[in-house]
Structure formats: structure tokens, C-alpha cells
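Hi,

Here is the structure I promised to pass on.

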Amino acid sequence: MADLGGEARQRMQKTLDALSSEFKTIRTGRASAAMFDKIRIEAYGQQMPLNQTATISIPEARLVVIQPWDRSTLSDIDRAIQKSDLSLNPSNDGKVIRIAIPPLTEERRKEIVKQARNAAEQARVAVRNIRRDLNESIKQDKKEGLSEDEAKRESEQVQTITDERIAEINELLTAKEKEIMEI
């Protein structure tokens with residue numbers, strides 16, 4: 001019999017970490033280098049993450065400056081940003097790319113909140129799936145001789161951890177919605 005409480009915490013924490021990373025890439029009204037984490041560019045004959053081909057800096061709250069390490073990738077970076085779902089318009093001066101982050105419209109904010117809610121719901125589903133898997137494991141252990149009381153205690157422990165993680169997901173979502181909706 002394994003330590004199901006520890007396994008539940010560990011597996012559910014990975015889901016929370018993934019959600020937190022996802023939230024970092026969701027655009028808000030201010031500049032962030034993490035917004036570009038999902039952008040991949042064609043460089044040196046392969047797809048590479050933008051942050052492995054350029055330095056991304058935030059000199060002002062609404063300005064991003066991207067300086068490629070190799071100027072030959074400048075147009076590829078420009079193109080990748082334009083094709084992304086960030087709805088940004090990069091300005092290329094031949095040396096660096098500057099991106100002014102415009103304030104979000106109310107309609108766009110609501111779309112982004114929907115995107116965040118969808119990501120949070122996927123995380124909640126993942127946590128519930130982990131709970132289901134662990135409960136199946138408890139049932140299997142019961143067939144192999146685990147006592148009724150011990151099985152009930154483990155099921156309650158898994159449910160408690162599940163409730164904690166879902167509350168954390170809801171807190172992350174609330175904070176992200178607040179960040180998106182602030183002007």
C-alpha cells in the first residue's frame with residue numbers, strides 16, 4: 001500500500017503548477033516577458049522558443065523590447081509575434097523589436113477572462129481525475145486486504161486534498177481575473 005496522501009499532493013501540485021504557468025502566458029493590460037513563453041520561431045532549421053533566441057526586456061509597464069542574439073532571426077521573430085494569439089503589433093527597427101502593449105478593450109478583457117476560466121476548469125477536471133484514480137487504487141487495495149476503516153480514512157484524506165487544491169485553483173483564477181480586469 002502506497003502513501004496516497006503524498007501521491008495526491010504531488011500529482012495535484014503538478015496540475016496547479018501547470019495552471020500557474022498557463023496563467024503567466026495569458027495577456028493582461030501590462031507588459032510581461034512570460035506573455036511570449038508560448039511563441040516559437042523558425043530559426044536555424046528548427047522551431048525554437050523565442051526566449052532561447054532573444055533577450056526580452058520590459059523597460060516600461062506597457063513596452064516590451066526584444067533583442068535577438070542573431071539579427072538574421074529578427075524577421076522570424078517579428079512574424080511569429082504577429083501570427084500569435086496575443087494581438088500585438090511589433091515594430092522592427094532592424095536591431096530590436098519594440099512592442100507597445102495597448103490597453104485592453106472591455107470586450108477583449110472578457111474574452112481573456114473566458115480563456116482563464118477555461119484553463120482553470122481544465123485544471124479542476126485534472127484534479128478530479130487524479131482523485132478518481134486514487135479512489136480506484138483504494139478500492140483495489142481493499143480487495144487485496146485493506147481494512148474498511150483504513151480505506152475510508154484514505155478516501156477522506158484524498159477528498160480533503162482535492163478540496164484544498166480546487167480552492168487553490170479558484171484563488172488563482174480570482175487573482176488572474178482581477179489582474180485582467182484592472183485598467
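Strands S1 (residues 40–43) and S2 (residues 46–49) run antiparallel and are joined by 4 bridges. If you want a landmark in that pair, take Ile-41, whose bridge partner in S2 is Met-48. The hairpin that S1 and S2 make has 2 residues between the strands, and Tyr-44 takes a positive phi there, near 55 degrees. Bear in mind throughout that this is a predicted model.

Next, the open sheet. Its 4 strands come in the order S3-S4-S6-S5, with antiparallel pairing. Strand S3 (54–60) and strand S5 (91–92) are at the edges with a single partner strand each, so each has one side left without a neighbour in the sheet. As for S4 (residues 63–68) and S6 (residues 97–100), these two pair in the antiparallel sense over 4 bridges. Within that pairing, Ile-66 of the sheet stands opposite Ile-97 in S6.

Now the helices, starting with H3. It runs over residues 106–143, which is 38 residues, and from first C-alpha to last it reaches 56 Å, close to the 56 Å expected at 1.5 Å a residue. After H3 comes Gly-145, with a positive phi near 115 degrees.

H3 packs against helix H4 (residues 148–181) at an angle of about 170 degrees, and the axes are 10 Å apart. That angle makes H3 roughly antiparallel to H4. By type, the residues of the contact of H3 with H4 come to 15 nonpolar, 5 polar and 12 charged.

Helix H1 (residues 4–25) also packs with H3, here at about 165 degrees and again with axes 10 Å apart. H1 and H3 are therefore roughly antiparallel to each other, and H1 passes H3 in a right-handed crossing. On the H1 side the contact includes Leu-4, Ala-8, Met-12, Leu-19 and Phe-23, while H3 brings in Ala-116, Ala-123, Val-127, Ile-130 and Leu-134, among others. The residues of the contact of H1 with H3 split into 14 nonpolar, 2 polar and 5 charged.

That leaves H1 and H4. How do their axes cross, and how close do they come? They come within 10 Å and cross at roughly 10 degrees. This makes H1 roughly parallel to H4, and the crossing is right-handed. Among the residues making the contact are Leu-4, Ala-8, Met-12, Leu-16, Leu-19 and Phe-23 of H1, with Val-158, Ile-161, Ile-169, Leu-172 and Leu-173 of H4. The residues of the contact of H1 with H4 divide into 11 nonpolar, 4 polar and 6 charged.

One thing to look at on screen: which residues of H1 turn up in its contact with H3 and also in its contact with H4? Leu-4, Ala-8, Met-12, Leu-19 and Phe-23 are among those listed for H3, and these residues are also listed for H4.

Cheers

Methods: Residues are numbered from 1 along each chain as its sequence is written. This is a predicted model: local features need pLDDT of at least 70, side-chain atom pairs count only at pLDDT 80 or more; totals for chains, interfaces and linings use all residues. Side-chain values use heavy atoms; hydrogens and water are left out. Axes are lines fitted to C-alpha atoms, for helices over the stretch in contact, and angles run from 0 to 180 degrees between N-to-C directions. Angles under 35 degrees count as roughly parallel, over 145 as roughly antiparallel, 65 to 115 as roughly perpendicular and the rest as oblique. Ala, Val, Leu, Ile, Met, Phe, Trp, Tyr, Cys and Pro count as nonpolar, Asp, Glu, Lys and Arg as charged, and the others, Gly among them, as polar. The expected span of a helix is 1.5 Å times one less than its number of residues. A crossing is left-handed if the near helix is turned anticlockwise from the far one by less than a right angle, and right-handed if clockwise. Contact means heavy atoms within 4.5 Å. Two strands pair if DSSP finds at least two bridges between them.
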